[in-house]
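Please open the model in a viewer and keep the selection tool at hand.

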Amino acid sequence: MLQSKKETVYIILAGIFITNAVVAELIGGKLIQVGPYLMSVGILPWPIVFVTTDLINEYFGEKGVKKLSLITACLIAYTFVIIYAAMQIPAVAGDGLVSDNQFNGVFGQSLWIIVGSITAFMVSQLIDVTVFHFLKNKTGNKMIWLRSTGSTVISQLFDSFIVLGIAFWMTGKMTTEVFIASAFTGYFVKLIIAIALTPLIYLGHSIIEKYLHNE
């Protein structure tokens with residue numbers, strides 16, 4: 001049983017964080033067109049990860065984020081192991097049933113995409129928590145928007161280049177020109193969404209403060 005309201009908050013935020021991180025990795029192999037540029041559709045759940053990361057940073061500190069990030073990276077790896085095992089089991093053939101080719105086409109991401117995703121996740125999270133607490137030490141409890149957006153601006157620049165660099169550029173699936181353009185496209189899309197979601201940080205902060213007030 002959870003013994004405090006703060007523990008309940010951590011469990012809820014951790015659940016939201018892990019769910020969106022795993023979903024982002026599962027759908028990350030699909031590239032979409034954004035104007036003349038390519039972008040991974042796996043970017044879609046990441047703004048929610050940003051919000052929960054910042055809230056966990058606020059209430060549970062650097063250790064809380066690092067511990068959860070390590071657990072999440074292990075769970076992402078576990079997810080891919082289970083998917084790999086499922087791909088080795090033959091599907092039942094029949095009309096309207098999912099075939100092996102269909103299943104493998106959706107979930108059969110290459111090893112390099114998996115390596116790139118997990119590496120980018122861990123590096124960006126460590127940078128995010130470091131920048132967040134550096135800014136918090138400078139501003140105290142004021143300017144939540146600054147440490148929230150500032151940490152995202154820096155960490156996601158690394159994330160965008162690492163995942164595409166390992167998964168697509170190093171493997172020869174993207175030229176250098178396409179890689180740089182795609183990385184910056186994904187970065188700016190994530191940045192715009194993160195800035196647009198800044199009010200959610202304040203909303204989440206307000207809800208948590210009210211919930212914890214009587215404890």
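This is a predicted model: local features need pLDDT of at least 70, side-chain atom pairs count only at pLDDT 80 or more; totals for chains, interfaces and linings use all residues.

**The whole chain.** Begin with a cartoon view of the protein chain, which contains 7 helices and 2 strands. Traced from the N terminus, its elements follow the order α-β-β-α-α-α-α-α-α. The radius of gyration is 19 Å, close to the 17 Å given by the globule rule for 215 residues, so the chain is as compact as a globular protein of that length. Along the principal axes, the C-alpha atoms fill a box of roughly 60 × 45 × 25 Å. Colouring by accessibility will show that 43% of the 215 residues count as buried. Among contacts between residues at least 6 apart in sequence, 72% join residues at least 24 apart.

**Trp-46 and Phe-121.** Next, display the aromatic side chains; the count of aromatic pairs comes to 9. Select Trp-46 and Phe-121, whose ring centres are 5.9 Å apart. Their planes meet at 35°, so this pair is tilted; the tilted class lies between stacked, under 30 degrees, and edge-to-face, over 60. Trp-46 belongs to helix H2 (residues 46–87) and Phe-121 to helix H4 (residues 111–139), so the pair ties together parts that are 75 residues apart in sequence. Trp-46 and Phe-121 are both buried.

**Phe-184 and Phe-188.** Now move to Phe-184 and Phe-188, an aromatic pair that is stacked, with 6.0 Å from centre to centre and 20° between the planes. These two residues are 4 apart in helix H6 (residues 176–196), and about one helical turn separates them.

**Charges over rings.** Finally, select Lys-5 together with Tyr-211. The charged end of Lys-5 sits over the Tyr-211 ring, 5.1 Å from the ring centre. Then select Lys-6 and Phe-60, where the charged end of Lys-6 sits over the Phe-60 ring at 5.5 Å from its centre.

Conventions. Residues are numbered from 1 along each chain as its sequence is written. Side-chain values use heavy atoms; hydrogens and water are left out. Rings of Phe, Tyr and Trp (its six-membered ring) pair if their centres lie within 6.5 Å; planes under 30 degrees apart count as stacked, over 60 as edge-to-face and the rest as tilted. Buried means under 20% relative accessible area, exposed over 50%, partly exposed in between (1.4 Å probe, protein chains only). A charge sits over a ring if NZ of Lys or CZ of Arg is within 6 Å of the ring centre and within 35 degrees of the ring normal. The radius of gyration is taken over C-alpha atoms; the globule rule is 2.2 Å times the number of residues to the power 0.38. Contact means heavy atoms within 4.5 Å.
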